[in-house]
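Hello,

Here is the structure I promised to pass on. My notes follow below it.

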Amino acid sequence: MPRALWILMIGMAINVTGASFLWPMNTIYVHEQLGKSLSVAGMVLMLNSGASVVGNLAGGLLFDKIGGFKSMMIGIVATMSALVGLVFFHGWPHYAIFLTIIGMGSGIVFPVAAAYAGAIWPEGGRRAFNGLYVAQNIGVAVGSALGGVVASYSFTLIFLANLLLYAVFCLLIVFGLRHVRAVKAAKSKEAEAVKGEARANWYALVTLCIGYFLCWISYVQWPTTIAAYTQTLHIPLRQYSLLWTINGVLIVLVQPLLSVVIRRWMPYIKKQMLVGFAIFVVSFALLLEADSFVEFAVAMVVLTMAEMIVWPAIPTVASELAPAGKEGFYQGFVNSTATAGRMVGPVLGGLIADYAGMKPLFSVLVFFSALSLVTTFFYDRNLPKKQSKGKQTLTVG
């Protein structure tokens, strides 16, 4: 694995560690510290995610136009500016404003990092995306574990820790990747012939991302409505943050074993995604009866297994579908789809929770996850036969 990719992975781990101090606590902070309803908390997160959608698409386009380093620095500068403001002004409505700016800046960084990883190590294929995925989840595990402890003392410390870690991330990228030139791999005429028409590739990606979007609507309930719900069940904040530690630790420790299972029992990437989405259905069904920390922990373990199977598969397929010169845009579209789910999810979940209750919300989440199975089953039906078969043989374990 190239040194530059290691630097990128370490940097993204630090970045996500800082972000994970804050993002699992957003709904709790707005709802309990600022005294706003779950619906308002959902609107705040919708603004953050809406800005991230724009940032995702802009980041992908910037990568294709000006390269990885410059694109990433644009996102870093925007995010750091907002984080400085958040340390000093985190009341209402300043919190919502700065969180929106953070959404834009970080939205640029993530698709650029994904496209950058593929360009730094084009021969690595899925291994580059897997490495980045695991690195980011190390950040989730560490950040969410420490975030709950720090938040129990002061939310102001949360904002300061986020800023300091992001400053370290910035310095690492500046001194580690400033002179790294990531060259996109040239695609042969034969490869282009296998790809078939670009329009078919695009339709396949859009269809796949519809299910990805629906599943993210469900997934994002964990740090939003479910976070607030655990408080009504008198589950301590530290135990709730431990759920995300479980999530991150499982991803880091279980991923090698899961790789063996995937290669042995799910050799085709389409089958892999279908199995993953089916496990998502089970994880949300478990929430229908959950009312204790142990039951939520079990549901989180099942959710994490689904996540490990599905999440790295989507950018891998996008990378293979992308025509030459569109790698950044395709990764930006994938990231914007996930972000759109994070944008719609808190508002929709908050409204259902406020007016119908949590049990009906969990039923909706099960339904959305089931729909993801349908879109994944049909996403490749219009691809050329050879291409569709080729995509299925990509494993991401």
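A definition to start: a salt bridge is a side-chain nitrogen of Lys or Arg within 4 Å of a carboxyl oxygen of Asp or Glu. By this rule the chain has one salt bridge. It joins the side chains of Asp 380 and Lys 270, at 2.9 Å from N to O. Asp 380 sits in the loop between helix H16 (358-378) and helix H17 (385-392), and Lys 270 in helix H12 (residues 269-286), so the pair ties together parts that are 110 residues apart in sequence. Both Asp 380 and Lys 270 are buried. Buried means under 20% relative accessible area, exposed over 50%, and partly exposed in between (1.4 Å probe, protein chains only).

Two points on the source. This is a predicted model, in which local features need pLDDT of at least 70 and side-chain atom pairs count only at pLDDT 80 or more, while totals for chains, interfaces and linings use all residues. Residues are numbered from 1 along each chain as its sequence is written, and side-chain values use heavy atoms, with hydrogens and water left out.

Overall fold

The chain has 17 helices and zero strands. These are DSSP runs, numbered from the N terminus (helices H or I, at least four residues; strands E, at least two). The radius of gyration is 20 Å, close to the 21 Å that the globule rule gives for 397 residues, so the chain is as compact as a globular protein of that length. That radius is taken over C-alpha atoms, and the rule is 2.2 Å times the number of residues to the power 0.38. The C-alpha trace spans about 60 × 45 × 35 Å along its principal axes. Buried residues make up 58% of the 397. Contact means heavy atoms within 4.5 Å. Among contacts between residues at least 6 apart in sequence, 86% join residues at least 24 apart.

Core

The largest nonpolar core holds 120 residues. Such a core is a set of buried Ala, Val, Leu, Ile, Met, Phe, Trp, Tyr and Cys residues joined through side-chain atoms within 4.5 Å. Leu 8, Met 72, Tyr 95, Trp 222 and Phe 280 touch the most other members. Helix H5 (residues 94-120) gives the most to this core, with 15 residues. Beyond four places in sequence, the residues that Leu 8 touches include Met 72, Tyr 116, Leu 132 and Leu 177.

Surface

The accessible surface comes to about 15,900 Å², and 69% of that belongs to carbon and sulfur atoms. Areas come from the Shrake-Rupley method with a 1.4 Å probe; for residues, only the protein chains shown count as cover. Val 149, Tyr 153, Leu 157, Leu 160 and Leu 164 make a nonpolar patch of about 490 Å². Helix H6 (126-153) and helix H7 (155-177) each give two or more residues to the patch. The largest share, three residues, comes from H7. Patch residues have over 30% relative accessible area and no salt bridge; like charges are joined within 9 Å, nonpolar side chains (Val, Leu, Ile, Met, Phe, Trp, Tyr) within 5 Å. Val 149 is in H6. It is partly exposed, at 34% relative accessible area.

Beyond four places in sequence, Gly 139 touches Ala 13, Val 16, Thr 17, Ser 20 and Ser 144. Ser 336 lies in helix H15 (residues 327-355). Ser 336 counts as buried at 6%.

Best wishes
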